[in-house]
Amino acid sequence: MADASAPVDLLVCTTCRAGQPTDIEGPRPGTQLFEALRASDLPENVTVKGVACFSNCDSGCSVTIRGGDDRWTYVYGNFTGADDADLVAEGVTKYAETVDGLVPWRERSTHFRKNCIARIPPLEIPE
């Protein structure tokens, strides 16, 4: 049985450069986004995890939002770094409130509507 309080993973590509050269000093924009999200006030059922490379390098910083066997999984891109932490936090909060991962289109921010890289069905595909 689906449950809106089930755990949600927010995966952040920590190697994303957001188009910057590889020789820039300091943490990459993906790492900056990851650190800003870890410091954010997210729902209790959301865990932020850093991962290396989503192979989506041409689409800015990328995140994946997944929530177990009953929810759809989404990959979003074109984030710029820490400045987008509030935008990502809003999106994952709306996702975490669902039982199936389907946030109504009009309730998604414009960024989430226009920068969905992939939508992956749940393990048990609903009929």
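## Strands β3 and β4

In this predicted model, strand β3 (residues 61-66) and strand β4 run antiparallel and are joined by four bridges. To see the pairing for yourself, find I65 and look across to β4, where Y74 stands opposite.

## The whole sheet

Now step back to the sheet. Strands of a sheet pair through backbone hydrogen bonds, and that pairing can be parallel or antiparallel. Here the pairing is mixed, and five strands form an open sheet in the order β2-β1-β3-β4-β5. Which strands sit at the edges? They are β2 (46-51) and β5 (116-120), each of which pairs on one side only. On average, neighbouring strands of this sheet are turned by 15° against each other, ignoring direction.

## Helices on the sheet

Helix α1 (residues 29-38) packs on the sheet and touches β1 (8-13), β2, β3 and β4. The direction of α1 makes about 150° with that of β1. Helix α2 lies across β1, β2, β3 and β4 as well, and runs at about 155° to β1.

## A space inside

How many cavities of 30 Å³ or more does the model have? The count comes to one, and the largest cavity holds about 120 Å³ of space. Its lining is made of 13 residues, with Y76, G91, V103, R108 and F112 lying nearest the centre. Two elements, β4 (73-79) and α2 (85-96), each give two or more residues to this lining. Of these, α2 gives the most, with four residues.

What classes of residue make up the lining of the largest cavity? Six are nonpolar, three are polar and four are charged.

Notes
Residues numbered from 1 in each chain as written. Predicted model: local features only at pLDDT ≥ 70, side-chain atom pairs only at ≥ 80, totals over all residues. Heavy atoms only, no water. 1 Å grid on protein atoms, 1.4 Å probe; cavity = no way out; pocket = protein on both sides within 12 Å on 5 of 7 lines; lining within 4 Å. Points joined across faces, edges and corners; volume = space filled by probe spheres on them. Nonpolar A, V, L, I, M, F, W, Y, C, P; charged D, E, K, R; others polar. Pairing = 2+ DSSP bridges. Axes fitted to C-alpha atoms, helices over the stretch in contact; angles between N-to-C directions. Contact = heavy atoms within 4.5 Å.
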